[in-house]
Amino acid sequence: MSGTRFASVMENMKLSRIALSVAVVVCFAVASSAEGLQPEGWDANLKLAEAEDTNPDPKIVEINLEARVASLEIVPGVKTDAWTYNGGVPGPLIRVHRGDRLIVHFSNRLPHSTTVHWHGVQVPIEMDGVPGVSQPPVETGGSFTYDFVVPDAGLFWYHPHVMSAAQVGFGLYGALLVEDPSENLGIPDQLVMVLSDIAIEDKTGELHSPDSGGVLGALFGREGNHVLVNGRIRPTLSIRSGAPQRWRIVNSAKSRYFQLQLDNQQPFQLIGVDGGHLEYSVEKPLIVLAPGERVDVLIAPQVEAGKPVTLINIPFDRGFGSVEYRHRAPSRFFWANIRKQSMLRIPVCLEARGPQSPHRVSVARSAQEMTSWSQTSDRSGPSPTSC
Ligand SMILES: [Cu+2]
């Protein structure tokens, strides 16, 4: 904690007699905040691999990205020859800051030509990855260097623009997170979730043909038989009840709509969409994501220790038979287990106060409030009576 912020907290409290003891708690709260409030390893089952930045310049992120077939165990017990970026489904999370220059040394080791398109990012046309328009396709064994400045903050994603549905369906997609250095939400526990599906023959692990699915596939889009979050089937998170988290979610499926709900009926606080932050947060019991869409949500699951809460996907009815002839049961994404011993690691008094409080989020009903909440989160100290 800086001296100025510490002084400000002290001044706000105006309770010199208990100031010393509270100050100790405050320092701990801020330290915890910087490190996050969730138990250690809480997101180990969901964490995305990140692309390695090989450039020492803090304003340049330079990475290597190779498209290649890799044998992965997506369905337990069988291997699938998936199409991958750097050997993973999804590809590595690329993390940059707004205004950074991103250089991607791309090479194609697939048995087919491909390109990389930067979905949602404002790039010069020659960097847009559209074969025959912005660049020739990158043939097998070929390479291409994408080099552009990222002008806007937000969650974006990358995928091929050659036989897009087939190649995305085989596993070629990844997230690009452009962070805003001036943003200060005070919620360090963040996840990037890449939602997708994949069509795999469960007994052999073989990928289905990209034109499978018969008439329904042709009419409504081809959906995989396994729903994935960060390339995994039903992974788990270990979370601390009441501690806020920020989820940045992208729908990377080639045609599936996702309609997300927490099975304890707790709403999401929607703070951003494709174009960046909303003017103010909106409470949403359900989140619908069409292919390519992104959302930025805050949640602070309030659940009893030992009782899991599950993120579920409810089939979304687009009309005209889009769900009537498909499997209608909700699919489960993951269980978030609340571990009792983890809850005990952090004092309970940190839970319902301070800049991390979910109440701060829910009361932000206007641009002014949202702004003041963001800007004052560092300076707002705890109420002396809260613990
Ligand atoms: Cu796209």
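Visitor: Before we start, what is a nonpolar core?
Guide: A nonpolar core is a set of buried Ala, Val, Leu, Ile, Met, Phe, Trp, Tyr and Cys residues joined through C-beta atoms within 7 Å. Keep in mind that we're looking at a predicted model here.

Visitor: Okay, and in the largest nonpolar core, which residues touch the most other members?
Guide: That would be A175, L176, V192 and L195, out of the 71 residues in the largest core.

Visitor: Which strand gives the most to this core?
Guide: Strand β9, covering residues 190-198, gives the most, with five residues.

Visitor: Let's zoom in on V192. What is it in contact with?
Guide: If we leave aside neighbours within four places in sequence, V192 is in contact with L48, L93, L155, A175, L177 and R248.

Visitor: Let's step back a bit. How many helices and strands does the chain have?
Guide: There are seven helices and 19 strands in the chain.

Visitor: And what share of the residues counts as buried?
Guide: The chain has 387 residues, and 37% of them count as buried. As for contacts between residues at least 6 apart in sequence, 76% join residues at least 24 apart.

Visitor: Now the sheets. What is the strand order in the one with β3 and β8?
Guide: The order is β3-β8-β7-β5, in an open sheet of four strands with mixed pairing. β3 (94-97) and β5 (117-119) are the edge strands; each has a single partner strand, so one side of each has no neighbour in the sheet. On average, neighbouring strands of this sheet are turned by 25° against each other, direction ignored.

Visitor: How do β3 and β8 run, parallel or antiparallel?
Guide: They run parallel, and four bridges join β3 to β8, which spans residues 174-179.

Visitor: What about β7 and β8, then: parallel or antiparallel?
Guide: Antiparallel, with five bridges joining β7 to β8. W157 has A175 in β8 as its bridge partner. You've met A175 already: that residue is also among those touching the most other members of the largest core.

Visitor: And how many bridges join β5 to β7?
Guide: Three bridges, and the two strands run antiparallel. In that pairing, H117 stands opposite H159 in β7.

Visitor: How many residues of β7 are buried?
Guide: Six of the six residues in β7 (154-159) are buried. Both faces are covered: G154, F156 and Y158 are buried on one side, and L155, W157 and H159 are buried on the other.

Visitor: Moving on, what's the strand order in the sheet with β2 and β1?
Guide: That open sheet has four strands in the order β2-β1-β4-β6, and its pairing is mixed. β2 and β6 (143-149) are at the edges with a single partner strand each, so one side of each is left without a neighbour in the sheet.

Visitor: How many bridges join β4 to β6?
Guide: Seven bridges join β4 (residues 101-108) to β6, and these strands run antiparallel. Among the facing residues, L102 stands opposite F148 in β6.

Visitor: Time for some backbone details. Is the peptide bond from V89 to P90 cis or trans?
Guide: The bond is cis, with omega near -5°. P90 sits in the loop between β2 (80-85) and β3.

Visitor: What is the phi of N230?
Guide: N230 has a positive phi of about 50°, although it is not a glycine. You'll find N230 in the loop between β10 (226-229) and β11 (236-239).

Visitor: Is N230 buried or exposed, and why?
Guide: N230 is buried, because 24 other C-beta atoms lie within 10 Å, and the cut-off for buried is 20 or more.

Visitor: What about Q265, buried or exposed?
Guide: Q265 counts as exposed, because it has 8 C-beta neighbours inside 10 Å. Q265 is another residue other than glycine with a positive phi, near 70°. Its place is the loop between β13 (258-262) and β14 (268-273).

Visitor: Last topic: what is the mean pLDDT of the chain?
Guide: The mean is 77, and 74% of the residues reach 70 or more. Over residues 1-33 the pLDDT stays under 50, and the model has 31 contacts beyond four places in sequence for them. Residues 337-387 are also below 50, and that stretch has 90 contacts in the model beyond near neighbours in sequence.

Note on methods:
Residues numbered from 1 in each chain as written. Predicted model: local features only at pLDDT ≥ 70, side-chain atom pairs only at ≥ 80, totals over all residues. Pairing = 2+ DSSP bridges. Axes fitted to C-alpha atoms, helices over the stretch in contact; angles between N-to-C directions. Buried ≥ 20, exposed ≤ 12 C-beta atoms within 10 Å, placed from the backbone. Contact = placed C-beta atoms within 7 Å. pLDDT = per-residue confidence, 0-100.
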